[in-house]
Amino acid sequence: MSVKPFAPPAAGSRLLMSGNEAIARAVWDAGVRVAAAYPGTPSTEILEYISHYPDLYAEWSVNEKVSLEVAIGASIAGARSFCAMKHVGMNVASDALMTLTLTGVVGGLVIAVADDVGFSSSQNEQDSRFWGRFAHLPILEPADSQEAYEMTLAAFALSEKFNAPVILRLTTRICHVKCLVTVGAREIKRAANGFIKDPSRWVMVPANAQKRLPGVFAREKALAEESATSAFNRLEPGSDRRVGFVTSGPAYMHVREAFPNAPVLKLGISWPVPMGKVREFAAQVDTLVVVEETEQLLETEILAAGIPARGKDLLPTAGEMPPFILKKHLAVLFPELANAAETAAPAPVPVFPRPPTMCAACPHLGVYYTLSQLRNVNITGDIGCYTLGAGHPWRALDTTICMGASMGMALGMDKGRGPDDEKKSIIAVIGDSTFMHMGMQGLLDIAWNRGNVTILLLDNRTVGMTGGQDNPASGRDIHGEAAPRIDLAKVVESLGIDPGHIHAVDPYLLPVLFKTLREEIKYNGPSVIITDRPCVLIDEYKKQPAYEVFEPACTGCGNCVEIGCPAIHVTRREKAVKPSGKEVELAFASIETAACTGCGLCLQPCAPDAIRPAEPKAVKVEFV
Amino acid sequence: MNQNQTTNILVVGVGGQGVMTASEILSEAAISQGFEVKKTEVAGMSQRGGVVSSHVRFGPRVLSPEIPPGEADILVGFEAAEAMRWSHYLRPKNSPRAGVAMINRLKLEPPIVSLGLFAYPDDPVAAVRERGLEVHDFDAGEIARGLGDLRLINTIMLGAISDGLPFPAETLKACVVARFAAKKAVLAELNARAFDLGKAAGKK
């Protein structure tokens with residue numbers, strides 16, 4: 001997708017912005033020169049918005065670790081730099097982070113980490129605030145878009161003041177909540193005019209690194225003093241002193257709404273914990289309650305400091321803490337809520353689930369249909385749209401752990417085979433972007449260690465699940481401009497796969513896909529089948545005329561339904577008895593022509609040729 | 001609806017129906033009236049035909065961006081079963097300020113229903129009504145088809161709720177028109193008509 005030129009709104013403008021938009025503007029206003037990220041919900045849009053601003057370098061990196069390393073390089077060259085990632089991205093980047101804390105930074109370096117509180121689009125729920133304690137770095141936690149803007153700016157100043165990277169901890173309710181934000185003006189700041197060589201600082205061999213460790217702890221002490229006096233950590237008095245709340249991030253808004261008269265200590269810098277302020281606050285209230293999303297971090301520290309507090313003994317340790325949850329779980333502390341809490345929140349009525357589906361004509365549909373027809377296979381999967389292959393009707397993906405895991409896990413399944421799996425084939429499924437993010441190393445391991453694994457590399461030339469961002473296989477950069485396009489077949493060959501067992505296959509040609517897969521799973525060694533059709537959500541996908549079911553010809557075999565295309569619907573079900581006496585359920589189908597883009601997958605398993613090009617239905621627009 | 005209270009509007013539907021655009025326009029209209037606004041949705045996978053719900057809250061001061069269950073003043077259902085799914089968010093009839101559900105009768109069956117794994121409720125609109133909630137329902141799809149474009153459903157739904165807001169319907173209409181005028185004059189005209197037809201349908 002090519003990005004339109006963008007004229008940044010003037011300083012002083014008041015704009016309806018999501019947290020992600022506000023952070024992007026603050027990054028620009030802070031005079032950042034280099035910004036990098038790998039897409040991941042809910043952080044994706046930060047870099048998308050940054051890339052619209054002029055006069056700074058923005059990139060999609062191949063993974064989060066590289067994005068952080070790019071930011072480190074820019075910082076030690078004297079520029080302000082920024083990277084963004086979702087919570088699990090920091091797991092990947094943490095190798096760099098844990099030594100970056102020793103070297104420190106030159107130009108301000110801010111890392112935005114967005115937690116998917118509530119699992120809207122992630123494989124786990126993590127509390128990224130723990131990185132602050134683990135790496136001895138400051139954590140800033142905004143509570144809305146305006147604070148996200150202000151704290152991002154402040155984070156750069158803080159980073160330069162303490163020569164430390166600063167973590168901006170976000171959650172979905174910051175990233176994807178829109179409210180009005182007043183923006184400022186851009187000011188270019190450079191901490192140094194070039195890289196200053198200093199091996200004692202930048203070459204982290206043991207002798208050098210060891211000497212820097214005491215400085216990390218001294219810095220943490222200094223940061224604690226900063227946290228103690230920062231205006232971001234503020235005490236808000238209240239008339240009802242039965243309970244005083246210590247809270248941070250979006251939970252602050254929920255507490256304020258649920259208990260408008262309660263005193264609140266709002267922590268904008270939540271690591272290091274300003275313990276003096278907490279102690280002072282605790283003395284003013286009957287009971288101190290810590291409300292944090294999601295885990296018990298502040299509370300543990302407060303208890304360890306000898307200050308009595310409650311929190312996770314009453315509140316959930318997962319998910320968001322909206323007002324109705326707070327009222328329900330804290331009713332024991334507010335007798336007047338005891339009855340209200342029972343009746344206040346009406347219960348939902350049961351309705352069928354509506355899980356995400358693959359798109360009509362998605363090239364992955366043919367792959368999963370084919371996999372679902374195979375018996376005696378174990379299939380390791382990965383992270384992306386194709387993870388949906390674990391669902392109905394395919395049920396053709398057996399594992400998902402993390403980015404790239406399909407590779408190593410397939411090798412381990414091969415090497416660790418028990419008697420039940422001796423005759424089974426091991427298949428790994430991974431997408432192009434996930435492969436380049438963290439799958440290539442696993443494939444190298446499979447090739448080197450002679451794994452008996454068949455790999456399906458689904459190249460749809462984009463990062464599909466996060467909305468179609470470019471990657472090295474798309475041949476475009478973050479701005480949509482032409483960029484070198486990686487040749488995946490060559491990469492696979494270079495990693496050690498025999499060229500005789502590398503196949504490029506059109507995933508819309510089911511017989512070819514089926515035949516290739518059948519042959520390769522019989523081969524006792526690693527092979528890679530690369531599918532090569534674009535995601536239907538990107539410009540390269542060309543729609544074809546729609547198909548429809550010719551009803552009199554439909555025999556109700558249901559084969560087309562097994563493709564799993566959301567444009568195919570079952571219109572009626574009937575029980576029938578076969579000549580053999582076996583009872584079968586027939587499913588008669590129709591195609592929603594408005595949604596069909598004519599990929600032709602459903603035609604192929606349709607024995608009676610009941611699927612035909614749709615009669616064109618002209619829709620006339622009339623103006624009275 | 002009182003200008004000094006927070007107004008809560010929950011817009012629900014299925015990915016691709018324009019739920020987020022509708023709530024964005026509602027937010028713009030509320031901002032133009034000087035309200036503080038917060039808008040939130042969890043839509044990580046909405047593009048894949050999943051559930052989309054967008055919370056719009058506005059008033060003199062808005063804290064939490066999420067509407068608590070039982071406190072929505074208006075539930076805008078772009079799809080019948082989705083309106084049912086979120087119906088516990090609406091203020092009941094017996095509360096001091098009863099809420100209103102404005103529901104498009106459209107039924108969109110997901111593949112999971114088509115595959116026979118789950119049943120689609122027979123009459124989701126009736127189910128919402130049976131909970132003791134104030135319900136207005138109509139076929140926005142029919143109006144959209146009459147205008148020649150199913151994508152007009154979100155404008156029609158905005159029109160349908162426009163008489164129940166703490167600001168004039170014309171304010172919301174102007175925001176709809178402005179959004180499309182930036183793209184194409186003919187689209188602005190079409191959306192203005194869709195808005196008016198929705199407004200009439202919402203009164204019935």
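**Strand β7 of chain A and its neighbours**

Q: Which residue is the bridge partner of Leu140(A) in β7(A)?
A: Leu168(A) is the partner of Leu140(A). Strands here are DSSP runs of E with at least two residues, helices are runs of H or I with at least four, and both are numbered from the N terminus.

Q: Is this an experimental model or a predicted one?
A: Predicted: local features need pLDDT of at least 70 and side-chain atom pairs 80 or more, while totals for chains, interfaces and linings use all residues. Residues count from 1 along each chain as its sequence is written, with chains lettered from A and ligands numbered from 1 in written order.

Q: How many bridges join β6 to β7 in chain A?
A: 2 bridges link β6(A), residues 139-140, to β7(A), and the two run parallel. Two strands pair if DSSP finds at least two bridges between them.

Q: What about β5(A) and β7(A)?
A: They also run parallel, joined by 6 bridges, with β5(A) covering residues 109-115. Ala114(A) sits opposite Leu170(A) of β7(A).

Q: Is β7(A) mostly covered or open?
A: Mostly covered: 6 of the 6 residues in 166-171 are buried (20 or more other C-beta atoms within 10 Å of a residue's own, with C-beta atoms placed from the backbone).

Q: Which residues are on each side?
A: Val166(A), Leu168(A) and Leu170(A) are on one face, and Ile167(A), Arg169(A) and Thr171(A) on the other. In a regular strand, side chains alternate between the two faces of the sheet.

Q: New topic: how do β1 and β8 of chain A run?
A: Antiparallel, with 5 bridges joining β1(A) to β8(A), residues 177-182. Arg14(A) is partnered with Thr182(A) in β8(A).

Terms used:
A residue is buried if 20 or more other C-beta atoms lie within 10 Å of its own, exposed if 12 or fewer, and partly exposed in between; C-beta atoms are placed from the backbone.
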